[in-house]
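Please keep the sequence and the three-dimensional view at hand while reading.

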Amino acid sequence: MSKVLVIGAGGVSSVCVHKMAMNAGIFSEIHLASRTKSKCDAIAASVKQRTGVDVATYEIDAEEVPALTRLIEQTGVKLVVNLALPYQDLPIMDACLAAGVDYLDTANYEPKDEAKFEYKWQWAYQDRFREKGLMALLGSGFDPGVTSVFAMWLKKHKLKTIRSLDILDCNGGDHGQAFATNFNPEINIREVTAPARHWLKGEWVETPAMTIRQQFDFEGVGPKNMYLMYHEELESLAKFLPELERGRFWMTFGDAYINHLTVLQNVGMTSIEPVNYQGKEIVPLQFLAAVLPKPETLGPTTKGKTNIGDIATGQALDGSGEKTFYIYNICDHEDAFHETGNQAISYTTGVPAMIGAAMMLTGAWKGEGVFNIEQLDPDPFMEMLNTQGLPWQVKELAGPVEF
Ligand code: NDP
């Protein structure tokens with residue numbers, strides 16, 4: 001049985017559902033539910049036109065656990081793929097437990113009133129999933145997701161230990177807008193404006209947001225400024241790579257993006273504290289998200305490439321001393337749009353979500369309890385990346401990074 005229910009109908013969901021339909025041998029029946037049914041219908045129409053596959057659509061508020069449980073039971077699916085927002089992770093996990101089905105997501109839970117993302121809330125579901133014999137797979141996007149699988153592949157095939165790991169996320173795409181985010185603006189801005197944190201010798205080191213900068217020459221993109229940030233996979237990688245001395249996450253931003261964000265922050269538009277406006281409580285960041293371009297509308301105009309990967313240093317598996325490897329994927333925005341109607345940020349997240357779901361439905365990945373993606377065998381996932389539009393390359397560098 002390989003019926004699947006996808007929740008959420010944004011850019012990531014659109015890519016994932018298209019790719020599921022292109023792998024009909026694995027996904028025998030695709031159900032799609034979100035808060036706004038017309039968005040599900042638009043995805044279903046595009047999927048039908050591009051692949052000939054039917055997708056059943058539904059309206060659901062995923063925070064209504066009893067209603068979602070009924071929908072899961074009614075569709076008879078084996079797996080729920082959560083591509084709504086991080087706020088919905090826990091209610092969707094609750095509904096999966098109630099209906100007795102497996103769960104997958106691409107972003108860890110974040111409470112709405114606190115810009116803080118941590119795995120502790122979802123790791124707390126470990127016993128409940130294990131006792132019911134169900135599997136929850138956390139973080140099956142690109143970062144988190146592929147970047148963790150890359151690290152574990154290096155650990156399996158190249159390095160006995162990983163002493164230092166740098167995750168480099170470069171979006172060299174240009175969408176032609178003065179200011180827009182490539183995925184959900186509210187989640188993106190909460191992430192970017194949070195203090196930077198990196199792992200150093202068993203402790204978290206915190207620095208103010210967007211203050212540590214390096215230039216790096218990305219293949220396929222060219223030299224870009226990248227900024228030290230906190231990203232959720234650092235928490236799970238520090239746990240599952242106990243030998244890790246230093247773990248850092250870097251993301252590129254252009255000067256125009258930084259200038260706009262600085263102004264918006266200075267005038268209070270990125271705040272998540274509610275304000276009273278004409279007798280109604282509004283959250284400035286939510287209002288800002290409502291006026292910014294929708295990420296799913298950026299596809300037709302976005303040109304350029306993404307280059308996301310890991311640089312890892314550690315003792316070589318073959319005993320030849322310390323070695324450094326760089327493993328990465330380059331994805332072209334226009335190619336992604338041509339294939340699924342969405343730009344590369346949605347593509348690089350939606351494809352790994354589909355692959356994670358395929359791993360679970362085919363039994364390549366099995367387990368009872370809550371798993372981060374780095375706990376599972378990287379090989380079958382890495383093989384599918386190559387055949388499903390996200391080919392990767394690995395090369396040895398002369399030595400550790402100099403920054
Ligand atoms: P979008 O904002 O484009 O889409 C989110 C969708 O979820 C919308 O269709 C929205 O519905 C729906 N939704 C929101 N609340 C509810 C609810 N209560 N019940 C049902 N549906 C709901 O986001 P993206 O597609 O850009 O991102 C999707 C997810 O992917 C996010 O969690 C994001 O953090 C994650 N992500 C992960 C990455 C990774 O590499 N790991 C990278 C990029 C994104 P409506 O449109 O009606 O509001």
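## Burial and overall form

A residue is called buried if 20 or more other C-beta atoms lie within 10 Å of its own, exposed if 12 or fewer do, and partly exposed in between, with the C-beta atoms placed from the backbone. By this rule, 49% of the 403 residues of the chain count as buried. The model is predicted: local features need a pLDDT of at least 70, side-chain atom pairs count only at pLDDT 80 or more, and totals for chains, interfaces and linings use all residues. Residues are numbered from 1 along each chain as its sequence is written.

The C-alpha trace spans about 55 × 55 × 40 Å along the principal axes of the chain. A compact globule of 403 residues would have a radius of gyration near 22 Å, and the chain, with 20 Å, agrees with this. The radius is taken over C-alpha atoms, and the globule rule is 2.2 Å times the number of residues to the power 0.38.

## Secondary structure and contacts

The chain contains 14 helices and 18 strands. These are DSSP runs numbered from the N terminus: helices are H or I with at least four residues, and strands are E with at least two.

Two residues are in contact if their C-beta atoms, placed from the backbone, lie within 7 Å. Among the contacts with a separation of 6 or more, 73% join residues 24 or more positions apart.

## Two domains

The chain is divided into domain 1 (3-138) and domain 2 (146-342 + 392-397), with bounds that come from an automatic or database domain assignment. Their C-alpha centres lie 24 Å apart. The contact takes 15 residues from domain 1 and 14 residues from domain 2.

On the side of domain 1 that touches domain 2, helix 1 gives the largest share, five residues.

## The ligand shell

How many residues surround the ligand? There are 33, and the closest are Gly-8, Gly-10, Thr-36, Gly-141 and Phe-183. A residue is counted as near if its C-beta atom, placed from the backbone, lies within 6 Å of the molecule.

Helix 1 (residues 11-21) supplies the largest share of this shell, three residues. Domain 1 and domain 2 each contribute at least three residues to the shell.

## One residue in view

Asp-335 is found in helix 12 (residues 333-340). Asp-335 counts as partly exposed because it has 13 C-beta neighbours inside 10 Å. Asp-335 and Tyr-347 are 12 residues apart in sequence, and their C-alpha atoms are 9.8 Å apart in space.
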